[in-house]
Amino acid sequence: MPQASPIVDNALGAVGNTPLIRLDRIARREGLQCNLLGKVEYMSAGGSVKDRIAKRMVEEAEREGILIPGRSVVIEPTSGNTGIGLAMACAIKGYSVIITMPNKMSLEKEAALRALGAEVVRTPTEAAWDSPESHIGVAKRLQQEIPGGIILDQYRNINNPLAHEYTTGPEIIEAVVSTPSTAEHPSSGKVDVLIAGAGTGGTITGISRAIKKKHNKDCIVVGADPKGSILAYPDSLNEDGAGGQYVVEGIGYDFIPDVLSRDPVDVNEWLKTSDEEAFAAVRLLMRHEGLLVGGSSGSALSGALRWLRSDNGRRIAQTKGANVVVLLPDGIRNYMSKPWFLKMALEAEPSPLAQRIADVLQSSRSNVQTNVEGLASGIAARTTAPNIENRPDAADEVSK
């Protein structure tokens, strides 16, 4: 008989408890002897690792009397995933929600937020974090003007890293410890390396503390930070591409959030990642492991593979039984209209099978190719058009 999961009271009961999955095909492709393991967070109820902090921040605010049913309005500046987690929690608990989010973030995130009942305010991507026009500045203004407005503030809220110290980290440890070492899959029985991206930094900070405090103090924790962000330490790492824009969403910032520990005791090493290598790694995860992940998962995996090829990582890479965990924060659901994904999915190099199909259908009208440029530009037109009634058709919607 299969083991059935118990009935949960609501969607918050399905937050977390995500699988730790072997990435064996990628490991073989890269010549790795270690166990490469992905913590797949898009399988959480709201679709990302941020469900965990949203749930904990709301529940702790209620416990402390900060959130009052029927009166409080939750306001949060976010890249989108924390907002979706908060909107899900507040839909269940009955709070109104306002999310402020940079224009860069995907249409899918806004659609999911509005579907969950949140109000969404877009802000200029290029606005500095401390500008009144930024998503943080606009959230603060709304809090001052709207009665009952509460910013739970993922950038400073201690319950952000605690959510990962108390749930994500222990789940990873339990999965590794409870999996026996075998001839096919030898295991050290411990988490030897953790590699994760950083946005607010609560995820990597909290998981690191869980592992190092109670499981393996010698675990090596590596942070992946996109070029253009300033989170990596030492600061000299951030000079290449300083101030530049990057496409990957949900990681990196132009300020250091309070919940991020840059102490080398917590995060031992940092490396910088590019959009190009992140999206290449997304394709690897999809094509070789069947995991429909988002761009920041690609950043984490590309960082992991680069670290495992480095002088510091090569020994671990060639150690049978060493367990290297990569945090995969969310899924492709939030990015399916993005040009980088459309190009990757629809402009892939034709396979031998595709050529055979083309030969079979040579005289058929079914031999139709998707115009990726038209599709991407049409989506862009919809997402950037003014928020007005009777919005005109985008370029790919006009009748021929």
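**Entry 1: ground rules.** I am looking at a predicted model, where local features need pLDDT of at least 70 and side-chain atom pairs count only at pLDDT 80 or more, while totals for chains, interfaces and linings use all residues. Residues are numbered from 1 along each chain as its sequence is written, and side-chain values use heavy atoms, with hydrogens and water left out.

**Entry 2: the sheet of 6 strands.** I began with an open sheet of 6 strands in the order β1-β2-β10-β7-β8-β9, and its pairing is mixed. For my own use I noted that strands are DSSP runs of E with at least two residues, helices are runs of H or I with at least four, and both are numbered from the N terminus. Two strands pair if DSSP finds at least two bridges between them. Which strands stand at the edges? I found β1 (20-22) and β9 (269-273) there, each with a single partner strand, so one side of each has no neighbour in the sheet. From one strand to the next, the twist averages 25°.

I then followed β1 to its partner: 3 bridges join β1 to β2 (residues 35-40), and the two run antiparallel. One pair I looked up is Arg-22 with its bridge partner Leu-37 in β2. Helix α9 (residues 295-309) packs on this sheet and touches β2, β7 (193-197), β8 (220-226), β9 and β10 (323-328). Contact here means heavy atoms within 4.5 Å. The direction of α9 makes about 120° with that of β9; axes are lines fitted to C-alpha atoms, for helices over the stretch in contact, and angles run from 0 to 180 degrees between N-to-C directions.

**Entry 3: the sheet of 4 strands.** Next I turned to an open sheet of 4 strands, ordered β5-β4-β3-β6, with parallel pairing. Its edges are β5 and β6 (149-151), each with a single partner strand, so one side of each is left without a neighbour in the sheet. Neighbouring strands of this sheet are turned by 25° against each other on average, direction ignored.

I checked the joins one by one. Strand β3 (residues 73-77) is joined to β4 by 5 bridges, with Ile-75 partnering Ile-98 in β4. Another 5 bridges join β4 to β5 (residues 119-123), and there Met-101 has Arg-122 as its partner in β5.

How many residues of β4 are buried? I read 6 of the 7 in β4 (residues 96-102), so this strand is largely enclosed by the rest of the structure. Buried means under 20% relative accessible area, exposed over 50%, and partly exposed in between (1.4 Å probe, protein chains only).

**Entry 4: crossovers.** β3, helix α3 (residues 81-93) and β4 make a right-handed β-α-β unit. β4, helix α4 (residues 107-115) and β5 make a right-handed unit too. Right-handed means that, with the strands pointing away from the viewer, the path from the first strand over the helix to the second runs clockwise.

**Entry 5: helix α8.** Helix α8 (residues 275-289) has 15 residues and reaches 20 Å from its first C-alpha to its last, close to the 21 Å expected at 1.5 Å a residue. That expected span is 1.5 Å times one less than the number of residues. Its buried residues, including Phe-279 and Leu-285, pack against β1, α1 (24-29), β9, α9, β10 and α11 (339-346). Just after α8, Gly-290 takes a positive phi of about 70°.

**Entry 6: the cores.** A nonpolar core is a set of buried Ala, Val, Leu, Ile, Met, Phe, Trp, Tyr and Cys residues joined through side-chain atoms within 4.5 Å. The largest one has 41 residues, and Leu-36, Leu-285 and Trp-307 are among those touching the most other members. Its largest share, 7 residues, comes from α8. A second, separate core of 27 residues includes Val-58, Ile-84, Met-101 and Ala-112.

**Entry 7: two single residues.** Ile-21 sits in strand β1. Is Ile-21 buried, exposed or partly exposed? I noted partly exposed, because its relative accessible area is 24%. Ala-111, found in helix α4, is also partly exposed, at 45% relative accessibility.
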